[in-house]
Structure formats: structure tokens, C-alpha cells
Amino acid sequence: YQQSLDIEIETNNRNGQAMTYHQLGRVAEELREYEQARTYYQQALDIDIETNNRNGQAMTYHQLSKVAEKLQEY
């Protein structure tokens with residue numbers, strides 16, 4: 001994912017960056033690195049908002065809520 005992200009940044013592929021940050025968040029979440037997952041999801045969300053990607057926003061808000069639940073932040 002990091003190599004993919006580097007290329008997406010180099011080519012200014014904002015949608016690709018958002019998708020890759022989202023996937024990095026999923027990996028961090030699976031590794032129970034919830035604060036890191038939150039950071040990646042927030043980066044994805046910021047790009048999704050910037051590019052008006054409503055589907056991406058919805059998916060990322062969903063993952064952020066799962067992280068909050070795992071951190072017992074109700």
C-alpha cells in the first residue's frame with residue numbers, strides 16, 4: 001500500500017490516495033492499532049470531502065465509527 005500511495009501522490013491521483021489511506025486504515029485496524037487506523041481514515045475522509053466523493057465519505061465514516069466503538073468511545 002505504501003508504494004501505491006507514493007505513486008498516487010507523485011501523480012496527484014487524489015481518489016487513489018483516499019482509497020489507499022482507507023486500506024491502510026483497514027490494515028491498522030486489523031492489527032489493533034486503532035489510533036493509527038483513525039489517522040489513516042481521517043486522511044481518506046479529508047480527501048473524499050475535498051473531491052466530493054460521497055460514497056468514499058460514507059465508507060470512511062463507517063470505519064471511523066467502528067474504530068470509535070473498539071476504543072469504547074460511544
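## Reading contacts, burial and salt bridges in a helical model

Author: Let's begin with a pair of charged side chains: Lys70 and Glu29 form a salt bridge, with their closest N and O atoms 2.9 Å apart. This pair ties together distant parts of the chain, since Lys70 belongs to helix α4 and Glu29 to helix α2, 41 residues apart. Please keep in mind as we go that the model is predicted.

Reader: How many salt bridges does a search of the whole structure find?

Author: Four are found. To read one, check whether a side-chain nitrogen of Lys or Arg comes within 4 Å of a carboxyl oxygen of Asp or Glu. The side chains of Arg38 and Glu73 meet in a salt bridge with an N to O distance of 2.4 Å. Here too the pair links distant parts of the chain, with Arg38 in helix α3 and Glu73 in the segment after α4, 35 residues apart.

Reader: Which residues are linked with Arg38 in a network of salt bridges?

Author: Glu35 and Glu73 are linked with Arg38 in such a network. The bridge between Arg38 and Glu35 has an N to O distance of 3.5 Å. Arg38 and Glu35 are three residues apart in helix α3, so about one helical turn separates them. For accessibility, Arg38 is partly exposed at 24%, Glu35 is partly exposed at 46%, and Glu73 is partly exposed at 41%.

Reader: Now for the nonpolar side. Which residues touch the most other members of the largest nonpolar core?

Author: For a core, one follows buried nonpolar residues that are joined through side-chain atoms. The largest one here has 14 residues, and Tyr21, Leu24, Ala37, Tyr40, Tyr41 and Val67 touch the most other members. Helices α2, α3 (34-50) and α4 (54-70) are the elements that give two or more residues to this core. With seven residues, α3 gives the most. Take Tyr40 as an example: leaving aside neighbours within four places in sequence, Tyr40 is in contact with Tyr21, Leu24, Gly25 and Ala28.

Reader: What makes the nonpolar surface patch of about 300 Å²?

Author: Tyr1, Val27 and Leu31 make this patch. Val27 sits in helix α2 (residues 14-30). A patch residue needs over 30% relative accessible area. At 37%, Val27 counts as partly exposed.

Reader: I also see Gln17 in helix α2. What does the side chain of Gln17 reach at 3.2 Å?

Author: The side chain of Gln17 reaches the backbone oxygen of Glu8 at that distance. Gln17 counts as buried because its relative accessibility is 4%. Gln17 and Arg14 are also joined through their side chains by a polar contact of 2.7 Å. Beyond four places in sequence, the contacts of Gln17 are Leu5, Glu8, Ile9, Asn12 and Ile47.

Reader: And where is Glu8 found?

Author: Glu8 is in helix α1 (residues 2-10), and Glu8 is buried, with a relative accessible area of 12%. The side chain of Glu8 makes a polar contact of 2.7 Å with that of Thr20. Not counting residues up to four places away, Glu8 touches Asn13, Gly16, Gln17 and Thr20.

Reader: What does Thr51 touch, not counting residues up to four places away in sequence?

Author: Thr51 touches Arg14 and Asn15. Thr51 is found in the loop between α3 and α4, and a polar contact of 3.5 Å joins the side chains of Thr51 and Asn15. At 31% relative accessibility, Thr51 counts as partly exposed.

Methods:
Residues are numbered from 1 along each chain as its sequence is written. This is a predicted model: local features need pLDDT of at least 70, side-chain atom pairs count only at pLDDT 80 or more; totals for chains, interfaces and linings use all residues. Side-chain values use heavy atoms; hydrogens and water are left out. Patches are made of residues with over 30% relative accessible area and no salt bridge: like charges are joined within 9 Å, nonpolar side chains (Val, Leu, Ile, Met, Phe, Trp, Tyr) within 5 Å. Accessible areas come from the Shrake-Rupley method with a 1.4 Å probe; for residues, only the protein chains shown count as cover. Helices (H or I, at least four residues) and strands (E, at least two) are DSSP runs, numbered from the N terminus. Buried means under 20% relative accessible area, exposed over 50%, partly exposed in between (1.4 Å probe, protein chains only). A nonpolar core is a set of buried Ala, Val, Leu, Ile, Met, Phe, Trp, Tyr and Cys residues joined through side-chain atoms within 4.5 Å. Contact means heavy atoms within 4.5 Å. A polar contact is a pair of N or O atoms within 3.5 Å; within protein, one must be able to donate a hydrogen and the other to accept it, and residues adjacent in sequence count only if both atoms are side-chain atoms.
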